[in-house]
Amino acid sequence: MISGFYLAALAMIGVSTIGSLIRVLAGPTIWDRLLGVGLSASKITLAVIIVALGFDESYILDIALLFSILGFLVTVLLARFVERRGVLEGGTE
Amino acid sequence: MNVIVIAGQAVILLGLLITGFGVYTVLRLDSFYARMVVTSKVEAMGFVTVVIGAMIVSGLSAATLKLATILLFELLTVSVSAHAIARSAWVSGYRIRTVTTSEARRD
């Protein structure tokens, strides 16, 4: 059973995630939204780590590594997409 | 509930406070590049602090190695993704409308 400290930590991470998603909703430019997506991906990784500590199961940490990789890929690929305005590497349009 | 677990939980709490301050600052600042700096430094510091606290709690086990892997990956990729977003904004022509140091009055 997950203890009280980890529940409080999960609540704090939830508040931080909601703050990051507010930046996604309210960001004036597309890069602000991208920034918020990266922040919330990092917060989700932290939440999975806290869940793994609370249940005392080490295999949940693999999912944390997976979420970390996914957040990195989303941020970098979307930033490259916006930078190239949708044009592929050697493509014409 | 020995002393090491309590110390690790204190470090985790410190990291979560740093992360909360980072999110508050991201919501508070009004310039994109300032928010960029907060993301790449303060949030990375909060993440590293939380993971170090988790390593202290879990002690010497396989979980510590996995946490070290996550920590190494995050340290490698936080700066890269922040650089990718900032370069995307700069290449696309997004600038801050303030007086820079090259345009400021020189004495």
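Predicted model: local features only at pLDDT ≥ 70, side-chain atom pairs only at ≥ 80, totals over all residues.
**Exercise 1. Classify Val51(A) and Asp56(A) as buried, partly exposed or exposed.**

Solution. Take Val51(A) first. Val51(A) belongs to helix α2 (residues 30-55) of chain A. Val51(A) is partly exposed because it has 19 C-beta neighbours inside 10 Å. Now Asp56(A). This residue lies in the loop between α2 and α3 of chain A. Asp56(A) has 12 other C-beta atoms within 10 Å, so Asp56(A) is exposed. Check the backbone too. Phi of Asp56(A) is near 60 degrees, a positive value in a residue other than glycine. Most residues other than glycine have a negative phi.

**Exercise 2. Work out how α2 and α3 are oriented in each chain.**

Solution. Begin with chain A. The axes of α2(A) and α3(A) come within 8 Å and cross at roughly 175 degrees. So α2(A) is roughly antiparallel to α3(A). Axes are lines fitted to C-alpha atoms, for helices over the stretch in contact, and angles run from 0 to 180 degrees between N-to-C directions. Angles under 35 degrees count as roughly parallel, over 145 as roughly antiparallel, 65 to 115 as roughly perpendicular and the rest as oblique.

Turn to chain B. The axes of α2(B) and α3(B) come within 10 Å, crossing at roughly 180 degrees. Therefore α2(B) is roughly antiparallel to α3(B). The contact of α2(B) with α3(B) has 19 nonpolar, 5 polar and 1 charged residues. Ala, Val, Leu, Ile, Met, Phe, Trp, Tyr, Cys and Pro count as nonpolar, Asp, Glu, Lys and Arg as charged, and the others, Gly among them, as polar.

**Exercise 3. Describe chain B and the packing of its helix α1.**

Solution. Count the elements. Chain B has 3 helices and 0 strands, in the order α-α-α along the sequence. Of its 107 residues, 35% are buried.

Now α1(B), residues 3-28. This helix has 26 residues and spans 37 Å from its first C-alpha to its last, close to the 38 Å expected at 1.5 Å a residue. The expected span is 1.5 Å times one less than the number of residues. Among the buried residues of α1(B) are Ile12(B), Leu16(B), Thr19(B) and Val23(B). The buried residues pack against α1 (4-26) and α2 of chain A, together with α2 (32-58) of chain B.

**Exercise 4. Describe the contact between the chains and the largest nonpolar core.**

Solution. Count the contact first. Chain B gives 40 residues and chain A gives 33. On the chain B side, the largest share is 17 residues, from α3(B). That side holds 24 nonpolar, 11 polar and 5 charged residues.

Pick a residue in α3(B): Ala63(B). Ala63(B) is buried, with 22 other C-beta atoms within 10 Å. Beyond four places in sequence, Ala63(B) is in contact with Ser58(A), Leu61(A) and Ser58(B).

Then the core. A nonpolar core is a set of buried Ala, Val, Leu, Ile, Met, Phe, Trp, Tyr and Cys residues joined through C-beta atoms within 7 Å. The largest has 40 residues, and Ile49(A), Val50(B), Val51(B), Ala54(B) and Ile85(B) have the most contacts inside it. The largest share of this core, 12 residues, comes from α2(A). Finish with Ala54(B): outside four places in sequence, Ala54(B) is in contact with Ile49(A), Leu53(A), Ile12(B) and Leu67(B).

Technical notes
Residues numbered from 1 in each chain as written. Chains lettered and ligands numbered in written order. Helix = DSSP H or I, 4+ residues; strand = E, 2+ residues; numbered from the N terminus. Buried ≥ 20, exposed ≤ 12 C-beta atoms within 10 Å, placed from the backbone. Contact = placed C-beta atoms within 7 Å.
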